[in-house]
Amino acid sequence: MARHHFAPTQYSNVLATLPPVLEIASGDSVVTTTLDAAGFGGDGAQHAPRGNPMTGPFFVAGAEPGDALLVTIERMTPNRKTGWTYSPLAPGVLDPGMLHELPKRERYEWAIDAQAGTVKLLEPTARIKDWSFPLAPMLGCFGVAPERGQAISTATSGANGGNMDYRLFGPGATIAFPVFVDGALFFLGDGHACQGDGEIAGTGVETSFEVEFSVKLVKKQGLRWPRCETETDLLVIASGRPLDQPLQFATTELLRWVGEDLGVDPIEASHLLGQAVRYDIANVFNPAYCVAARLEKTELTRAMSFRARS
């Protein structure tokens, strides 16, 4: 097991089968940096075109199609003291009859105080000058190269991950990605200092980070969508549009997971999901919406923990 320090000099606005920037092995960890969604880094300079430029890809030795790549986000440290958002809310989340009442979208700057653990508007109006929000880092866009030689824009997401913008994908989360190409080819970027469910303003508090992640390879898993384990939950995230499509995909994959790991049939699994499932609307701004189907970690579901087995 090795701990790598990687300083990126090039970035990608697609997830694709591209030449790797570094080869790593199962069990390794990497300390690297990411740019914000507009391509700006910790030095305040723009290093890549806007549109969620990714660091990577990282080639994981031995990864083959059908395997699962487990990525644990070990740490996310903001490497500058500001971030930005856009307001007001995105048109797609509002009653169309209200849209004519809204002002034009504008960019707003935020102060990030890592020591205090807060984010605050730099120039708030008098009415909200005391508002602050918890610093809650998360990766908006990350994943592996897709199948069939595709190059998928970092604006959207799919079975390989991508721009999922789910607020639980922060430090301590382990995400299991289906592997579609040799080496998996893992990318990461689009860090947010804070974001609510759905990314309904079209952004989180966008900023750049130093990120530490680790990887483990699990052979022959046959995942269809990314799965995730946090300290408290087990979940599947899926993408599509309209909103019922990712809900169906995520529920189906969670049903498969329950059946495989608890050794139950679809009727028995339905008793669990029917009473215990929770749904998060992860993103309703991007071209593909994202829904997470989630189960709390309990004595009943502990056999589903892939971190315990990996």
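Tutor: This is a predicted model. Its second largest pocket has a volume of about 290 Å³.

Student: Which residues lie nearest the centre of that second largest pocket?

Tutor: Ala 37, Arg 50, Asn 52, Gly 202 and Phe 285 do, out of 20 lining residues. By class, the lining of this pocket has six nonpolar, eight polar and six charged residues.

Student: And what volume does the largest pocket have?

Tutor: The largest pocket holds about 600 Å³ of space. Its lining comprises 27 residues, and those closest to the centre are Thr 85, Ser 87, Trp 110, Phe 133 and Ala 201. Two or more lining residues come from each of β7 (82-87), β8 (106-113) and β9 (118-121).

Student: How do the residues of that lining divide by class?

Tutor: In the largest pocket, 15 are nonpolar, seven polar and five charged.

Student: Turning to the sheet, in what order do the nine strands run?

Tutor: The order is β1-β4-β17-β6-β15-β18-β19-β21-β20, in an open sheet with mixed pairing. Its edge strands are β1 (3-5) and β20 (278-283). From one strand to the next, the twist averages 25°.

Student: In which sense do β18 and β19 pair?

Tutor: Strands β18 (residues 227-229) and β19 (residues 233-240) are antiparallel, with three bridges. Glu 229 stands opposite Leu 234 of β19.

Student: Which strands does helix α1 touch?

Tutor: Helix α1 (residues 244-262) packs on the sheet and touches β18, β19, β20 and β21 (289-296). The direction of α1 makes about 140° with that of β19. Helix α2 (residues 266-276) lies across β20 and β21, at about 105° to β21.

Definitions and conventions:
Residues are numbered from 1 along each chain as its sequence is written. This is a predicted model: local features need pLDDT of at least 70, side-chain atom pairs count only at pLDDT 80 or more; totals for chains, interfaces and linings use all residues. Side-chain values use heavy atoms; hydrogens and water are left out. Two strands pair if DSSP finds at least two bridges between them. Helices (H or I, at least four residues) and strands (E, at least two) are DSSP runs, numbered from the N terminus. Axes are lines fitted to C-alpha atoms, for helices over the stretch in contact, and angles run from 0 to 180 degrees between N-to-C directions. Contact means heavy atoms within 4.5 Å. On a 1 Å grid over the protein atoms alone, a cavity is a set of points where a 1.4 Å probe fits but cannot get out, and a pocket is an open set with protein on both sides within 12 Å along at least five of seven lines; lining residues have an atom within 4 Å of a point. Grid points are joined across faces, edges and corners, and a volume is the space filled by probe spheres set on the points. Ala, Val, Leu, Ile, Met, Phe, Trp, Tyr, Cys and Pro count as nonpolar, Asp, Glu, Lys and Arg as charged, and the others, Gly among them, as polar.
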